[in-house]
Amino acid sequence: MQSVASLIANIEKVIVGKRSVVELAVVSLLCRGHVLLEDVPGTGKTTLARALARSVAADMKRIQCTPDLLPSDITGVAIYNQKSAEFEFRAGPVFTSLLLADEINRATPRAQSALLECMEEFRVTSDGVTRDLPRLFMVLATQNPIDMAGTHPLPEAQLDRFFVRLAVGYPSLSEEMKILSAQAQSHPIDALGPVMTEAEVLAARDGVKAMHIAPEVMEYVVRIAAATRQHADLRLGASPRGTLALARGAQGLAYLRGRSFVTPDLVKAMAGPVLEHRLVLRPQAAALGRSARDILRDILDQLPPPI
């Protein structure tokens, strides 16, 4: 627990005043989940991803997503070696512990699809050979939801593979003053060093899996997911993958808070970040100004938590 607290404090040296966002990013790391950072430009999406990567003593690689990006640019490619007269596999940037996919929606659907197997099965199949990814593998992707020119929206199948979707948001007046002061001479991330080892992250993941979740709390998780599938304003509700993510996310938040078991309030706290991006509204509901957040809030208000 002490190492996780140090990790959060280290990231907050760079990301000012966004404790809840930092905690959710760390929970995703502990749950081996992928993070989609979606917000307007300049709010610190890429900086948050870099700060998390720098705070863990593990390798990190970055993909700058552009329309000319190919699947082999991500996963790797077999190159013919004239000396040995054989093809040799050159691993792509996906073979890393922490992968930053910057502006992921600027890559074409063909390139985006290269991440599907990686994100779900933590392996890469190329030329008939399957290779496992590092045990710490995690995708941190960013995208700008405002400027849609030249972008390719992520399909539901890929959105469902992201553990959480986070928005950093604008800082308050006092927080922005702190940012200006901190970057007067240099950027704080340049001096950021690792505070958590790979072994500590893996141990924390085992601790999350061992976190007790009572059958009635499990049923509460399942009832929330089932309610999204039956809601009249939703064309697509939460998948079983989403149900599993919500339960694991509540376990991760319980571990982060030093609890010994999962409570319904932790499930409710994780429901928004875990489920909202998995819900697809019907056109009629969208036309009336409804949002996935509104519908999920209604569901949580109507479903009584276990006592």
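Which residue forms a salt bridge with glutamate 103? The partner is arginine 106, with the closest N and O atoms 3.8 Å apart.

## Basis of the report

The model is predicted: local features need pLDDT of at least 70, side-chain atom pairs count only at pLDDT 80 or more, and totals for chains, interfaces and linings use all residues. Residues are numbered from 1 along each chain as its sequence is written, and side-chain values use heavy atoms, with hydrogens and water left out.

## Salt bridges

A salt bridge is taken as a side-chain nitrogen of Lys or Arg within 4 Å of a carboxyl oxygen of Asp or Glu. By this rule the count is 16. Arginine 106, the partner of glutamate 103, is partly exposed at a relative accessible area of 22%; the partly exposed class lies between buried (under 20%) and exposed (over 50%), using a 1.4 Å probe and protein chains only.

Glutamate 12 and arginine 19 meet through their side chains at 3.0 Å, N to O. Both belong to a network of salt bridges that links Glu12, Arg19, Glu23 and Arg257. Glutamate 12 has a relative accessible area of 25%, and arginine 19 has 43%. Another salt bridge joins aspartate 265 to arginine 259, with the closest N and O atoms 3.6 Å apart. Aspartate 265 is partly exposed at 42%, as is arginine 259 at 33%.

## Nonpolar cores

A nonpolar core is a set of buried Ala, Val, Leu, Ile, Met, Phe, Trp, Tyr and Cys residues joined through side-chain atoms within 4.5 Å. The largest has 74 residues, and Val4, Ile11, Val26, Leu52, Leu246, Val267 and Met270 have the most contacts inside it. Apart from it lies another core of 25 residues, including Ile74, Phe95, Ala111 and Phe162.

Beyond its neighbours within four places in sequence, valine 267 is in contact with residues including Val217, Tyr220, Ile224 and Leu246, contact being heavy atoms within 4.5 Å.

Arginine 32 lies in the loop between helix 2 (19–30) and strand 1 (35–38), helices (H or I, at least four residues) and strands (E, at least two) being DSSP runs numbered from the N terminus. Arginine 32 is partly exposed at 28%, whereas phenylalanine 122 is buried at 15%.

The whole structure holds 0 disulfides, a disulfide being a pair of cysteine sulfur atoms within 2.5 Å. The sulfur of cysteine 65 is too far for a bond because the closest cysteine sulfur, in cysteine 118, is 12 Å away. Cysteine 65 is buried at 5% relative accessibility.
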